[in-house]
Amino acid sequence: MIERNHLEIVREVDRCGSLTAAANALCLTQSALSHAIKKLEQQLGTAVWVREGRKLRPTQSGLYLLSLANRLLPQFEHAEELVGQIARGQRGSLRIGMECHPCYQWLLKVVGPYLEQWPGVDVDVKQRFQFGGIGALFGYDIDVLVTPDPLHRKGLVYEPVFDYEQVLVVPRSHPLASKPWVEPADLESETLITYPVDAERLDIFTRFLVPAHSSPARHKTIETTDIMLQMVATGRGVSALPRWLVEEYAHQMPITPVRLGQEGIDKQIFLGLRERDAGVEYLQSFMAMARETTWGLA
């Protein structure tokens, strides 16, 4: 009873907020769209929307269909895109999601040579700090996820591509800069600057502060790495970042890395992808090139 065009209608009405705008987006007349909606509701035996002034609000049935549309339509579109590329003799497209916020500089070192080696593959990068990587993989919004914290789910595979150390970054003039390592208590009088990510996914909290029942005096969030490090360099706070990144920026600004605890915090970066795509040649090539790419620190 439920067909793909029904799901497309549900999605467009939700996106556009009105029948007129949805009809334009779907290249239909408003009367044709209204007829299709009425027929769908008759087949289902329940209303899909209710009117609130000029807008349509989905019913409980409509919300379920919208959820179904958001899950299934990207998979249809992904399959059509891949099949079309095969038919045109193209290789495909590679959509990369970033959950490792400082890793963009490293990714650039991979993407340049990759594009030269695979001229038939287009690359797109999604770097949003509230990014839902697992959902994006399952929803076919991305093909590869770059993450330091893999969440293992059935149908996904992860490969480690490099190791790094998470460190505290402070101004060179900071009292902590001369210490061989810092303890959690050292941060209790500090302003801690992080990316806008839940504390449950930040190692500075989960592996350093929380086990010691410590917390910083203040916690600020900043989306941009450059601004974050400028804030640290001018004494506005401290942050926790990969050692390689701090050492690169230390050539440009007065900052220095300090080990987090006597043993330090060791991390890995992983690339995740759908298990069913593991045999795709251009994806495997990207994984191989990522494993071979180093930071190339000066």
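What covers the buried residues of helix H5 (residues 104–117) includes strands E3 (92–98), E4 (121–126), E5 (144–147), E6 and E12 (265–274), along with helix H10 (281–292). Covering here goes by contact, meaning heavy atoms within 4.5 Å, and helices (H or I, at least four residues) and strands (E, at least two) are DSSP runs, numbered from the N terminus. Keep in mind that this is a predicted model, where local features need pLDDT of at least 70, side-chain atom pairs count only at pLDDT 80 or more, and totals for chains, interfaces and linings use all residues. Residues are numbered from 1 along each chain as its sequence is written, and side-chain values use heavy atoms, with hydrogens and water left out.

So which residues of H5 are buried? They are Trp106, Leu107, Val110, Val111 and Tyr114, with buried meaning under 20% relative accessible area (1.4 Å probe, protein chains only).

E3, H5 and E4 make a right-handed β-α-β unit: with the strands pointing away from the viewer, the path from the first strand over the helix to the second runs clockwise. E3 and E4 run parallel, joined by 6 bridges (pairing takes at least two DSSP bridges), and Leu94 stands opposite Val123 in E4.

Terms used: Buried < 20%, exposed > 50% of the residue type's maximum accessible area, 1.4 Å probe, protein only.
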